[in-house]
Amino acid sequence: MMKYKVLFIDEEKRQHDEFADFMDNYQEKVELTCCFPQPTLDATIAMIEELHPDAIVSDFKLNDI
């Protein structure tokens, strides 16, 4: 069975943990990667290109903290 690659980006570790707990219900269908935003937009885009996810879930206001 093919798994969807989902990338979760947030600057808070607690949010990573909560999203990972939620996604545990779908572990048969989803391969989850949690990442912190990179220092620059170019570095974040490079990270996304390297990981090549099927979907991206991110905080609405990254680096707002």
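**A residue between two elements**

Where is the place of His52? In this predicted model, His52 is found in the loop between helix H2 (41-51) and S3. Although His52 is not a glycine, His52 has a positive phi of about 50°. This residue is also exposed, since the relative accessible area of His52 is 59% and a value over 50% counts as exposed.

**Overall fold**

The protein contains two helices and three strands. Its radius of gyration is 12 Å, close to the 11 Å that the globule rule gives for 65 residues, so the protein is as compact as a globular protein of that length. When the elements are read along the sequence, the pattern is β-α-β-α-β. Along the principal axes, the C-alpha trace spans about 35 × 25 × 15 Å.

Of the 65 residues in the protein, 23% are buried. The protein exposes about 4,900 Å², and carbon and sulfur atoms supply 54% of this area. Contacts can also be sorted by separation in sequence. Among the contacts with a separation of 6 or more, 77% are accounted for by residues 24 or more positions apart.

**The buried side of helix H1**

Which residues of H1 are buried? The buried residues of this helix are His16, Phe19 and Met23. They cover an arc of only 75° around the axis, and therefore they lie on the same side of H1. An α-helix has 3.6 residues a turn, so residues three or four places apart point the same way. The cover over the buried residues of H1 includes strand S1 (4-9), S2 and strand S3 (55-58).

His16 belongs to helix H1, which runs over residues 13-23. His16 counts as buried because its relative accessibility is 5%, under the 20% limit. Leaving aside neighbours within four places in sequence, His16 is in contact with Phe8, Asp10, Cys34, Cys35 and Phe36.

**The nonpolar core and Val30**

The largest nonpolar core has five residues, namely Val6, Phe8, Phe19, Met23 and Val30. S1 and H1 are the elements that give two or more residues to this core.

Val30, one of the core residues, is placed in strand S2 (residues 30-35). With a relative accessible area of 15%, Val30 is buried. Apart from residues up to four places away in sequence, Val30 touches Lys3, Tyr4, Val6 and Met23. Among these contacts of Val30 are Val6 and Met23, and both of these residues are listed in the core as well. Val30 and Glu18 are twelve residues apart along the chain, and their C-alpha atoms are separated by 16 Å.

**Leu7 in strand S1**

Leu7 is found in strand S1. Is Leu7 buried or exposed? Leu7 is buried, because its relative accessible area is 1% and the limit for a buried residue is 20%.

Leaving aside its neighbours within four places in sequence, Leu7 is in contact with Thr33, Cys35, Ile48, Leu51, Pro53, Ala55, Ile56 and Val57. Leu7 and Glu31 are 24 residues apart in sequence, while the distance between their C-alpha atoms is 8.6 Å.

**Cys34 and Cys35**

How many disulfides does the count give? The count comes to zero disulfides. Cys34 takes part in no disulfide, and the nearest cysteine sulfur to that of Cys34 belongs to Cys35, 7.5 Å away. For Cys35 the closest cysteine sulfur is likewise that of Cys34, and the 7.5 Å between them is too far for a bond, because a disulfide requires cysteine sulfur atoms within 2.5 Å.

The accessibility of each cysteine can be stated separately. Cys34 is partly exposed, with a relative accessible area of 29%. Cys35, by contrast, counts as buried at 12% relative accessibility. Both Cys34 and Cys35 are among the residues in contact with His16, and Cys35 is also one of the residues in contact with Leu7.

Terms used. Residues are numbered from 1 along each chain as its sequence is written. This is a predicted model: local features need pLDDT of at least 70, side-chain atom pairs count only at pLDDT 80 or more; totals for chains, interfaces and linings use all residues. Side-chain values use heavy atoms; hydrogens and water are left out. Helices (H or I, at least four residues) and strands (E, at least two) are DSSP runs, numbered from the N terminus. Buried means under 20% relative accessible area, exposed over 50%, partly exposed in between (1.4 Å probe, protein chains only). Contact means heavy atoms within 4.5 Å. The arc is that of the directions from the helix axis to the C-beta atoms. The radius of gyration is taken over C-alpha atoms; the globule rule is 2.2 Å times the number of residues to the power 0.38. Accessible areas come from the Shrake-Rupley method with a 1.4 Å probe; for residues, only the protein chains shown count as cover. A nonpolar core is a set of buried Ala, Val, Leu, Ile, Met, Phe, Trp, Tyr and Cys residues joined through side-chain atoms within 4.5 Å.
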